[in-house]
Structures are given as C-alpha cells and as structure tokens.
Amino acid sequence: MSGFQTCATTRGAVFVHSAPAALCPHITWALDSVLGPTVRLDWTAQTNQPAQLRADASWIGDVGTGAQLASALRACGPIRYEVVEEPSPGADGSRWSYTPRLGIHHSVVCSNGDVVVNENQVKAALAEADLAQMRGALERALGSAWDSELEPFRTAGEGNSVRWLHRVG
C-alpha cells in the first residue's frame, strides 16, 4: 500500500444566471474559496431581468467540487445559479439549482445529462395518497419547478463564451 492518496478528478460548470452587480465580487470570492485565486468571470447583462448580470465558467477539480461550489454560492444572497458536476469513474454526476424563491435543489444526473430519480424517491411518490400528490412528489424529485423558473435565464445566456477554471493546489 502506498503512502499517498489519489482523488478522482472531474469537470463541471457554474452558471450564474442572474445577480445584482453589487454581488458579483462576492460571487467571485465564493468561487475563489473553492477553486483558488484564479477565478475571473466575464459578466454580461442578463437580458431576461433588468439590472442583473450573468456569467458562466467551466471547471476541473476533485469529485465533490460541485457541492462545495453550490454551498459557497448559496451564501451570496439573492442570485440564480446552477452548478453541474459531470459523472466520473466511481461517482455520479450532479446538478445543483438555486433560485431565491425555491431555494436549492440537488439532482443526480447520468452521463447524458438526464436527472436520475432513485428507488427511494419513486417509493415515496408511490406512497402518496392520490395521483396529484404522486405527480407532485415526482416533479419535486425531478426539480421541475427549478427548471421552469431557470429556463428563461438559461436561454438568455446562449452564445456566450465559456471560461475554463482549474483548481489550484
């Protein structure tokens, strides 16, 4: 047995869909706290919401970096964001979606980007008293409300460049 540990590396992306200009430095500092002091975001107008900005970046880091980024961004206040961590050997992919109205939602995602609803989530939905409650439980598991709220902000960012971020150290 060797005296060192290896950690699996993965890739992902951060999408800040909308943020007030005053919070942009705080968002950069939050990303710096996870990825190191090399983060530079190119902020552009969020055409879907006046006086708001948007930015996105791809990253490379250890498995679990996505969860750390989502937690760091959650402390930044009334912003809308998504963090995606791609699947890697031995680890599922994940997506964290956040809106000020709904809070945070975590989904496991497979290699093609589909949300995976696990056995326990399906069992909980089936245990609901009626079809409407079961539908609601499955929609919560899929994060449907987050997708509906974030979709107009996602399309407002189409065509923007993506910057790669690498974890330092």
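Colleague: Among contacts in the chain between residues at least 6 apart in sequence, what share joins residues at least 24 apart?
Modeller: Keep in mind that this is a predicted model. A contact here means heavy atoms within 4.5 Å. Taking the contacts between residues at least 6 apart in sequence, the share that joins residues at least 24 apart is 63%.

Colleague: Thanks! How many helices and strands does the chain have?
Modeller: You can follow the elements from the N terminus, where the order is β-α-β-β-α-β-β-β-β-α-α-α-β. Altogether, the secondary structure comes to 5 helices and 8 strands.

Colleague: Is Asp56 buried or exposed?
Modeller: Let's find Asp56 to begin with: this residue sits in strand β3, which covers residues 52-62. The cut-off for a buried residue is under 20% relative accessible area. Asp56 has 11% relative accessibility, so Asp56 counts as buried.

Colleague: Which residue's side chain does the side chain of Asp56 join in a polar contact of 3.3 Å?
Modeller: A polar contact needs a pair of N or O atoms within 3.5 Å. At 3.3 Å, the partner of the Asp56 side chain is the side chain of Arg54.

Colleague: And which residues make the nonpolar surface patch of about 230 Å²?
Modeller: Let's start in helix α3, residues 119-126, where Val122 lies. Residues in a patch need over 30% relative accessible area. Val122 has 33% relative accessibility and therefore counts as partly exposed. The patch is made by Val122, Leu126 and Leu138.

Colleague: Last one: what percentage of the chain's residues is buried?
Modeller: The chain has 169 residues. Of these, the buried ones make up 38%.

How values were computed: Residues are numbered from 1 along each chain as its sequence is written. This is a predicted model: local features need pLDDT of at least 70, side-chain atom pairs count only at pLDDT 80 or more; totals for chains, interfaces and linings use all residues. Side-chain values use heavy atoms; hydrogens and water are left out. Helices (H or I, at least four residues) and strands (E, at least two) are DSSP runs, numbered from the N terminus. Buried means under 20% relative accessible area, exposed over 50%, partly exposed in between (1.4 Å probe, protein chains only). Patches are made of residues with over 30% relative accessible area and no salt bridge: like charges are joined within 9 Å, nonpolar side chains (Val, Leu, Ile, Met, Phe, Trp, Tyr) within 5 Å. Accessible areas come from the Shrake-Rupley method with a 1.4 Å probe; for residues, only the protein chains shown count as cover. A salt bridge is a side-chain nitrogen of Lys or Arg within 4 Å of a carboxyl oxygen of Asp or Glu. A polar contact is a pair of N or O atoms within 3.5 Å; within protein, one must be able to donate a hydrogen and the other to accept it, and residues adjacent in sequence count only if both atoms are side-chain atoms.
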